[in-house]
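I set out to record helix packing and aromatic ring pairs. My notes follow the model below.

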Amino acid sequence: MNHVRVPVLIVGGGPVGLSSALFLGRHGVPTMLVEKREATSQLPRAPGLQARTMEFFRAAGVSDAIRSLEVGDSHAYFEGGILQVRTFAEIDDAVVLEKPSLDGPDISPERVMGCGQDRYERVLVELARDAGADVRFRTRLLSFGQDDDGVTAVVQDTRTGEQTTVLADYLIGADGASSRTREVLGLRRSGRGTVFNALSIYFRAPELEELLKGRKFILCYATAAPGTLMGLSRLHGVDPWLAAPLYYPERGETPEDYTDERCAGIVRTAAGKADMKVEIVAKVPWHGAQLVAETFRRGRVFLAGDAAHLHPPAGGFGANTGIHDSHNLAWKLAAVLRGWAGEALLDSYDAERRVVGDAMAEQAMVRNRIRHGHADEKTRAAMVDDIIITLGYRYKSGVITGGDAAAPVLTPKLELTGQPGTRAPHVWFHRDDERVAAADLFWDDFVLLTGAGGAEWARAARDAATALSVPLRTYLIGDGGDLTGAGRDWAHAYGVTDRGAVLVRPDAFVAWRAPGPVPDRRGVLTGVLTGVLARACGLSSPGAPR
C-alpha cells in the first residue's frame, strides 16, 4: 500500500472542494483532493456566482480566469429577477415574484456572474493544480481516523483498486449532501428534512427563444404543466436549458416514471406549444431539503458546503455558501499550519460558518415557500434581500474583538460600516498610478488601515507583528501615505477618524478597530493580535505539517 503525507486532505471535487484546494494552495498549503467521480461535472449546475464569491477569486488572483468563462453579459439575466407565467408563450403577462439586489458599484468591485458548473469546475481543477494540489479523480474515501497528531485516511483508486494511506494534519469533507465524511464522524443534522422532490431536465428547444421574446430572467416558473410547478433557467448562457419540475413520491411517483417523452411533454405544456421540438439531454433527480450539521468541526476534521448545510437552491446560496466556507477555513488552516495562529483559531470556523449556514438555509426555505405558493405573511416578512445574505452577514466568535455580541447574523438592510465581524466596506484607493479596491488589499496577511494622522498606529502594528511573528501589512492612507482615496472617504466608511485604525483579517472581515488614538498602541495591538489569532500568552502555534 502506498503512503502519502500532506498537510490537508480534501474529500470531494465539486466547487467547494476545488475552491478549498485552490485557496489553501494560494496560501502556500499543499493539499490532496480525492473525488470518486471520473471527472468534473458535465452539466451546468449551480450556474450563478455571487459578487462575494467573485471577490474571493479576485483576492486569490484568479478572477480573470473565472470571468473569462462568462458568455456575453450575464448580468441582464440577474436583472430580470424571478418570474411566474402560466406558459412561457405568455411571457408578456409575467408576474415578477422577486427582484433581488445582488451587487452594485458602491458595494463591491465585482458583479454576479452566470456560468455553468461544467465550465468553472474544469478551470478550478487546473487552478488548484497550478497552486500545488494533488487532484485525483476516480478515487474514493474508504475510511479515516484521527488522533492528537493528525488524520490517517485510506483512499482507493476505483479503476485499479489500489489503496493509498494518506497521513494528513487535517481533513476537509466537501463531499456533498450524502457526505461519507459526516457519516464516519457520526454527526447528526437538524432541520425540516426533504421538503420537495424535483427532476432537473436539461433540454434543447430552439423555438423557446422565440416564445420568450428575448426576455431574460434568473428563473421563470410556469404553472400550466399538470400537477407540477416547473422552473426554467439558462443563467449559464448557453444550451441546454434547465427545467426543474417537481414530482411526488407520496403519490407513488418515481424519477423512473419520467421518460424522455414525458419530460418533453411537460416542457411543451409549460411552453404553451404542443408541437415544439424538444431534445432531452439529461435528467437528474434531487431533493430539496433543509438540514444543518450539529457541528462543522470534530477534532481535525471539518465539513464544508452541502456536507455541512443543505438547503433548497432558491437564492443560489448552495455552491456559493460552500465556497465561502472554504475561504473562511483555508486562511485559518494556513495560519495554524504556518505557526502564527493557535489551534483554537480553528474553532471559530464552526462558530462563524454554522450560524451563517443555518441562516442561509432558512432564507432558502423562505424563498422556496414564496415561489411554491405556500408562504404566509410571517414568512414573507422574514425574507431579506439577497445582497444582505451574500455580503451583509455578520460573524460572532471568540476571535472577533469589539463586535456587537447582540447583532443578528442577518439584518433587515445592508449595513457595512466597519463594525468588527462584518465584511470590510468597499472603497477605492490610488496606489501610485494604480486604482485598487479595498478587497484587493486582503489575502495572505492581516492588514492595518490607518489615516494620515495614524503613523504611530502603523509603527506600533509593525512592532507588535514582528514580536509575535505574525504576517501583517500596514497602509497609511492620505497624502504622502501608501494609498490615497479615490472616492468616498475611507475613514468614514470604516467608522473611524483619520487618527484611528482598523485591523482586517485575510478574509476581508474586520477583526478590530479603534476610532482614534489610544495610549500604548503597541500593547493594545499585541493584545488584539493575540486574541484574534487565538494565541495563548502570545506563543506561536506548535502545529506544523508533519
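I counted rings of Phe, Tyr and Trp (its six-membered ring) as paired if their centres lie within 6.5 Å, with planes under 30 degrees apart taken as stacked, over 60 as edge-to-face and the rest as tilted. The model is predicted, so I required pLDDT of at least 70 for local features and 80 or more for side-chain atom pairs, while totals for chains, interfaces and linings use all residues. I numbered residues from 1 along each chain as its sequence is written and used heavy atoms for side-chain values, leaving out hydrogens and water.

Entry 1, aromatic rings. I found that ring pairs link F23, F56, F57 and W443 into a cluster. The structure holds 15 aromatic pairs. For Y170 and F302, I noted ring centres 6.1 Å apart and planes at 50°, so this pair is tilted. Both Y170 and F302 are buried (under 20% relative accessible area, where exposed is over 50% and partly exposed lies in between, with a 1.4 Å probe and protein chains only). For Y395 and F509, the centres are 4.3 Å apart and the planes at 25°, so this pair is stacked. Y395 and F509 are 114 residues apart and link distant parts of the chain. I found Y395 and F509 buried as well.

I looked up helix α1 (residues 15–26) and helix α5 (residues 117–130), DSSP runs of H or I with at least four residues. Their axes, lines fitted to C-alpha atoms over the stretch in contact, come within 9 Å and cross at roughly 25° on a scale from 0 to 180 degrees between N-to-C directions.

Methods. Helices (H or I, at least four residues) and strands (E, at least two) are DSSP runs, numbered from the N terminus.
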